[in-house]
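Subject: Structure handover

Hello,

I am passing a structure over to you. Please open it alongside this email.

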Amino acid sequence: MKRGNGHSLPKARKDDLVTRQITGELLVYDLKRHKAFCLNNTAATVWKNCNGKRTVSDLAATLS
């Protein structure tokens, strides 16, 4: 998704996924593709905040 000013507004997919938070990691299983992903805390924070309303700059600021 993009704003009129050209800023990207990433939105993480939520459908057909199973997620489990474990110490230091977020496990994401894609039910459509039958693939599992293990996100570290940094990647999990970015993914959880990709709601289609925050710009990439907003996401970077969240990490700092």
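Below is what was found in it, from the overall layout down to single residues.

Please keep in mind that this is a predicted model.

Overall layout

The protein chain holds 2 helices and 3 strands. Read from the N terminus, the order is β-β-β-α-α. Of the 64 residues in the chain, 22% are buried. The accessible surface of the protein chain is about 4,700 Å². Carbon and sulfur atoms account for 53% of that surface. I also looked at contacts between residues at least 6 apart in sequence. Of these, 33% join residues at least 24 apart.

The core

Which residues form the largest nonpolar core? There are 8 of them: Ala 12, Leu 26, Val 28, Leu 39, Ala 44, Trp 47, Cys 50 and Leu 59. Two elements, strand E2 (25–30) and helix H1 (41–49), each give at least two residues to this core. As background, nonpolar side chains in soluble globular proteins tend to be buried together.

Start with Leu 39, which sits in strand E3. Leu 39 counts as buried because its relative accessibility is 18%, and the cut-off for buried is under 20%. Val 28 is 11 residues from Leu 39 in sequence, and their C-alpha atoms are 7.7 Å apart. Neighbours within four places in sequence aside, Leu 39 is in contact with Gly 24, Glu 25, Leu 26, Val 28, Ala 44 and Trp 47.

Next, Leu 26. With neighbours within four places in sequence again left out, its contacts include Thr 19, Arg 20 and Gln 21. Leu 26 is also in contact with Phe 37, Cys 38 and Leu 39. Ala 44, Trp 47 and Lys 48 complete the list for Leu 26.

The helix pair

How do the two helices pack? H1 and helix H2 (residues 56–63) meet at an angle of about 140°. Their axes are 10 Å apart. H1 and H2 are therefore oblique to each other. The crossing of H1 past H2 is right-handed. On the H1 side, the contact is made by Thr 42, Thr 45, Val 46 and Asn 49. On the H2 side, Leu 59, Thr 62 and Leu 63 take part.

Val 46 lies in H1. Is Val 46 buried, exposed or partly exposed? Val 46 is partly exposed, because its relative accessible area is 26%. Apart from neighbours within four places in sequence, Val 46 is in contact with Leu 59 and Leu 63.

The segment before E1

Pro 10 is placed in the segment before E1. Where does Pro 10 make its contacts? Pro 10 and Gly 52 are 42 residues apart along the chain, yet their C-alpha atoms are separated by 5.1 Å.

Backbone points to check

Most residues other than glycine have a negative phi.

One is Asp 16. Asp 16 is not a glycine, yet has a positive phi of about 60°. Asp 16 is in the segment before strand E1 (17–22). With a relative accessible area of 34%, Asp 16 is partly exposed.

The other is His 34. Phi of His 34 is positive, near 55°. His 34 lies in the loop between E2 and strand E3 (35–40). His 34 is exposed, because its relative accessible area is 59% and the cut-off for exposed is over 50%.

Best wishes

Methods. Residues are numbered from 1 along each chain as its sequence is written. This is a predicted model: local features need pLDDT of at least 70, side-chain atom pairs count only at pLDDT 80 or more; totals for chains, interfaces and linings use all residues. Side-chain values use heavy atoms; hydrogens and water are left out. A nonpolar core is a set of buried Ala, Val, Leu, Ile, Met, Phe, Trp, Tyr and Cys residues joined through side-chain atoms within 4.5 Å. Buried means under 20% relative accessible area, exposed over 50%, partly exposed in between (1.4 Å probe, protein chains only). Helices (H or I, at least four residues) and strands (E, at least two) are DSSP runs, numbered from the N terminus. Contact means heavy atoms within 4.5 Å. Accessible areas come from the Shrake-Rupley method with a 1.4 Å probe; for residues, only the protein chains shown count as cover. Axes are lines fitted to C-alpha atoms, for helices over the stretch in contact, and angles run from 0 to 180 degrees between N-to-C directions. Angles under 35 degrees count as roughly parallel, over 145 as roughly antiparallel, 65 to 115 as roughly perpendicular and the rest as oblique. A crossing is left-handed if the near helix is turned anticlockwise from the far one by less than a right angle, and right-handed if clockwise.
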